[in-house]
Amino acid sequence: MIPSTPNVGLFVTCLVDLFRPSVGFAAVELLEAAGCRVTVPAAQTCCGQPAYNMGDRADTREIARQTVKAFQGFDYVVVPSGSCAAMIKEHYPALFTGEPEMQSQAEVLAEKTHELISFLADVLKVEGVDAQYRGTVTYHDSCSGLRELGVKQQPRRLLASVEGLELVELQEAEVCCGFGGTFCVKYPEVSNKIVETKAEHIEGSQADLLLAGDLGCLMNMAGKLKRRGAKVEARHVAEVLAGKLDAPAIGEGKGS
Amino acid sequence: MDSTAHAFKDNAHKALGDDQLQEALGNLRHGFTQRRAQARDQLPEFDALRDAARDIKNHTLAHLDLYLERYESKVSEQGGKVHWCATAEDARRTILDICRSVDAKLVTKGKSMVAEEIGLNDYLEANGVTPAETDLGEYIIQLRNEPPSHIIAPAVHLTKAQVEADFRKNHSELPPERSLVEPEALVQEARTMLRQKYLDADVGITGANFLIAETGSSIIVTNEGNGDLTQCLPKVHIVIASLEKVVPTLEDVSIILRVLARSGTGQEFTAYTTFSTGPKREGDLDGPDEYHVVLLDNGRSAMLGSEYQDVLRCIRCGACMNHCPVYHAVGGHAYGWVYPGPIGAVLTPSLIGVEEAGHLPNASTFCGRCEAVCPMRIPLPKMMRHWREKEFERNLTPTAARSGLKLWAFFAKRPALYAMLNRFNARLLRALGGRKGSLRSLPLASGWTDHRDFPAPQGKSFQELWAKRQNGSGATPRTPGA
Ligand code: SF4
């Protein structure tokens with residue numbers, strides 16, 4: 001049963017907090033428009049993936065513990081990122097093997113945590129949004145959302161309801177963009193080769209706007225597109241769905 | 001085989017600058033992935049078969065001792081012999097002893113990754129026995145004196161033009177004006193060169209895709225039929241296999257075979273699936289007089305019961321590397337040892353040590369595509385992460401990365417300080433980005449800015465703006481940066 005006014009805790013993610021608050025506000029708007037009451041616990045930082053993926057299990061566990069504590073008591077916890085949502089949903093519980101009490105709390109959190117777009121589409125059964133966009137967009141399927149959480153059709157369905165928007169499919173949309181968290185700075189040349197191919201596909205799509213559900217991937221792709229002098233802009237899919245396009249696109253200046 | 005896995009970064013750098021390699025990789029990236037997707041779509045029970053295949057191997061690994069003993073006794077019953085080899089050295093020695101016992105000068109070889117693992121060719125050659133590779137891909141790389149770059153397509157790093165040039169150089173006795181434009185012509189030429197070798201060889205060595213405990217048979221799958229000639233014509237057949245290749249029954253193997261070729265090449269079945277069970281029996285028209293199985297451990301039994309046990313389910317189909325963005329970027333040689341791609345990233349540290357191969361489990365974006373296509377459902381990213389954890393525990397992680405991470409974690413574990421830091425960084429990076437909205441260079445982040453611009457923050461942290469909204473009118477604030 002979905003409560004009539006679901007009490008949602010927003011896990012902002014470290015990248016949205018630091019780089020692009022407008023994505024957080026777009027998420028809040030979408031959730032509020034769908035009838036949710038949104039709270040943003042102050043005691044959150046990052047989901048812990050940088051430590052987790054570098055093999056630092058001890059720090060990961062402490063960061064996860066803090067997240068589990070900060071997000072108690074909500075009906076749902078919603079995350080505008082597939083990879084951070086998957087971290088909480090798929091990886092937190094196993095961090096606490098040997099701590100049964102914490103583990104069951106982590107399982108409770110995992111159970112009620114959702115990536116933003118799939119939460120709107122699958123849980124709240126939102127079928128359309130009240131937004132407009134005049135132009136052609138393409139969509140990159142970020143890896144964790146796609147493969148760990150099954151986010152694929154949901155963003156496409158909701159985008160189809162945006163007035164004026166035309167979606168063209170990206171060649172190799174399901175192939176990684178080469179970001180990989182710390183991977184992109186640990187193996188910059190390899191990462192660059194991967195994002196270069198991605199950028200070629202994006203430019204080849206003839207879209208004027210690239211969308212995705214993860215800010216990390218978006219910053220990687222936007223940074224590459226800009227360096228190549230490409231005209232394609234990049235935004236988080238929530239910005240378009242919420243109709244919040246007043247902020248310049250990712251990596252774009254005020255004058256653009 | 002000597003490893004250059006420690007030099008992954010340098011290897012990758014070279015690979016990225018190699019135009020011919022990049023051309024060859026482009027073909028692989030599309031061909032294999034599309035064919036696998038088609039094969040999967042045409043078989044509705046494909047995913048159910050993957051589950052069944054995984055379960056068969058899990059069961060086998062849980063009773064590995066039992067099945068290996070049963071396998072050995074079946075091989076003996078049929079007049080063959082199993083040689084248990086704990087190390088690569090044991091296996092090399094055993095094979096050389098068998099070759100010497102029949103005074104072998106020339107051995108033909110089918111494709112075997114285990115033979116690569118133990119560095120068999122160099123060893124035989126150094127001891128006066130000439131190995132002749134009969135698989136087309138292996139034949140090509142033997143001419144070039146290179147290791148394979150892929151576990152099912154050893155010469156996939158080469159373009160057709162390179163192969164043609166190698167053939168012209170090495171087959172100088174053939175008329176120079178012959179045409180080698182069609183791939184068929186290359187295959188035909190290699191066949192011609194090999195024909196006499198099949199007949200002259202004293203020993204034939206093949207790998208094995210499976211060993212069947214129920215019958216004592218070994219199975220190889222090929223597309224050229226070279227394996228059949230390699231094992232039937234010489235007097236002695238040596239099968240070289242690692243011990244996790246065993247499966248209980250013919251029934252089991254028939255299930256796993258249904259996912260093997262579909263995952264690797266996208267074929268429903270390989271052109272040849274060859275079963276061999278012991279030496280020639282009375283009344284058989286052909287077959288070897290002696291049948292030996294060299295059963296290699298080389299670190300695998302130590303993986304049983306460890307967090308890496310699942311990787312022993314691997315059937316070497318190649319799907320994980322065919323779908324890996326890192327493999328697509330740098331190819332197989334960059335990984336520096338026998339097994340490239342995601343399977344190599346997990347297996348290589350187990351077999352030659354994480355000190356040598358520490359880069360491999362790190363050189364992954366964790367995109368998860370390997371796990372998504374692995375027919376045996378091996379959780380490859382999870383195992384790479386286990387290796388990263390081992391490296392971190394043992395202080396093998398590079399110092400700069402480690403201290404950076406520790407500093408970051410210090411803040412990430414203290415939300416109030418973290419919020420202050422983000423407020424500060426948001427402003428600082430914003431100011432550095434100026435009106436352009438992105439930075440072209442950033443100290444300490446050259447790995448990023450050498451190749452791409454760095455998008456600047458909007459100027460204030462979300463938490464800061466949110467607190468304002470909560471304290472203020474309740475309306476969403478004007479979007480920052482607008
Ligand atoms: S790990 Fe899986 S996908 Fe990779 S070679 Fe082995 S069985 Fe095939």
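What you see is a predicted model, where local features need pLDDT of at least 70 and side-chain atom pairs count only at pLDDT 80 or more, while totals for chains, interfaces and linings use all residues. Residues are numbered from 1 along each chain as its sequence is written, chains are lettered from A and ligands numbered from 1 in the order in which they are written, and side-chain values use heavy atoms, with hydrogens and water left out.

Let's start inside chain A. (Helices are DSSP runs of H or I with at least four residues, strands are runs of E with at least two, and both are numbered from the N terminus.)

Now for charges. Side chains of opposite charge can pair when their charged atoms come close. We call it a salt bridge when a side-chain nitrogen of Lys or Arg is within 4 Å of a carboxyl oxygen of Asp or Glu. The two domains of chain A have 2 salt bridges between them. A:E239 and A:R20 form a salt bridge too, with 2.8 Å between the closest N and O atoms.

Next, how many residues does each chain bring to the contact between chain B and chain A? Chain B brings 74 and chain A brings 76. About 6400 Å² is buried between them, with 60% of it from carbon and sulfur atoms; buried area is the accessible area (1.4 Å probe) that two parts lose on being put together, summed over both. In chain B, the residues that lose the most area to chain A are B:H451, B:R452 and B:F462, together 12% of what that side buries. The two chains share 7 salt bridges, and A:R227 forms a salt bridge with B:D453 at 2.6 Å.

Finally, please find helix α3 (residues 46–62) of chain B. Here B:D47 pairs with B:R50 in a salt bridge at 2.9 Å. Because they sit 3 residues apart in this helix, about one helical turn separates B:D47 and B:R50. Is B:R50 buried or exposed? B:R50 is buried, at 4% relative accessible area, while B:D47 is partly exposed at 38%. (Buried is under 20% relative accessible area, exposed is over 50%, and partly exposed is in between, with a 1.4 Å probe and protein chains only.)

B:D51 and B:R377 also meet in a salt bridge, at 2.6 Å. B:D51 is in helix α3 and B:R377 in the loop between α18 (369–373) and α19 (380–393), so this pair ties together parts of chain B that are 326 residues apart in sequence. Shared partners join B:D47, B:R50, B:D51, B:R54, B:D55 and B:R377 into one network of salt bridges.

Key. Contact means heavy atoms within 4.5 Å.
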